[in-house]
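Take a moment with the sequence and the model, then try each task before reading its solution.

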Amino acid sequence: MKQDDARKLDHTTLEEMRIRAVRSVQAGESPEVVARSMRINRRTIYGWLAQYRRGGWGALKAKPLFGRPPKLDARALQWIYNTITQKNPLQLKFAFALWTRDMVAKLIKDQFGVVVSANSVGRLLAQLGITCQKPLHRAQERDEALVEQWHKKDYPKIKALAARKGRDILWRRRSHALRSSCRAHVG
């Protein structure tokens, strides 16, 4: 039988499990039977029993969490998630159309007055289920019919002109946040 991982449970639930397990053993149940019925490791129940013997019911209480408290609460995280998933950065007066960690850090600072590093923003976004995406290098305004027309009509003319002059066609890629295109140069 696969054991459940009790570490994933909240502190109140774990506290109740500890107390119920100790009470069951006090009522005459075998620790192994209680462990099996609660789907926990038998070492765990023996540890709880030892804690109870050393400190009574208070020893089974949830312990306070150590570490730095989170800088952002659940409402702030929800706001960040909704803003990033539902808005374009251009709507919020950013210069670039795709979200970056630095932009999210600035958004958090402006909205909540909390300064977070780019690495912290990356962890925060991962926690929210938002992952980095590689942008498509294609203009939003791209018209496939015009591209096809250029390939069939305009480019053959340019290629023929280059051949007549004994020249090569050089390609230069020009990128912009919202637009990227290729230009031919006969020279």
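A crossing is left-handed if the near helix is turned anticlockwise from the far one by less than a right angle, and right-handed if clockwise. The model is predicted: local features need pLDDT of at least 70, side-chain atom pairs count only at pLDDT 80 or more, and totals for chains, interfaces and linings use all residues. Residues are numbered from 1 along each chain as its sequence is written, and side-chain values use heavy atoms, with hydrogens and water left out.

**Exercise 1.** Describe how α4 passes α5, and name the residues that meet.

*Step 1.* Locate the helices, which are DSSP runs (H or I, at least four residues) numbered from the N terminus. Helix α4 covers residues 74-86 and helix α5 residues 101-112.

*Step 2.* The axes of α4 and α5 come within 11 Å and cross at roughly 130 degrees.

*Step 3.* Classify the angle: under 35 degrees is roughly parallel, over 145 roughly antiparallel, 65 to 115 roughly perpendicular and the rest oblique. α4 and α5 are therefore oblique to each other, and α4 passes α5 in a right-handed crossing.

*Step 4.* List the contacts (heavy atoms within 4.5 Å). From α4, Ala-76, Trp-79, Ile-80, Thr-83 and Ile-84 meet Val-104, Leu-107, Ile-108, Gln-111 and Phe-112 of α5.

**Exercise 2.** Is Thr-83 buried or exposed, and which residues does Thr-83 touch?

*Step 1.* Thr-83 sits in helix α4. With a relative accessible area of 6%, Thr-83 is buried (buried is under 20%, exposed over 50%, partly exposed in between, with a 1.4 Å probe and protein chains only).

*Step 2.* A polar atom of the Thr-83 side chain lies 2.8 Å from the backbone oxygen of Trp-79.

*Step 3.* Leaving aside residues up to four places away in sequence, Thr-83 touches Leu-92, Trp-99 and Leu-107.

**Exercise 3.** At what angle do α5 and α6 pack, and which residues make the contact?

*Step 1.* Helix α6 spans residues 118-127, and its axis is 9 Å from that of α5, at an angle of about 90 degrees. That makes α5 roughly perpendicular to α6.

*Step 2.* On the α5 side, the contact involves Arg-101, Asp-102, Val-104, Ala-105 and Ile-108. On the α6 side are Ala-118, Asn-119, Val-121, Gly-122, Leu-124 and Leu-125.

Note on methods
Axes fitted to C-alpha atoms, helices over the stretch in contact; angles between N-to-C directions. Helix = DSSP H or I, 4+ residues; strand = E, 2+ residues; numbered from the N terminus. Polar contact = N/O pair within 3.5 Å; in protein donor to acceptor, adjacent residues only side chain to side chain.
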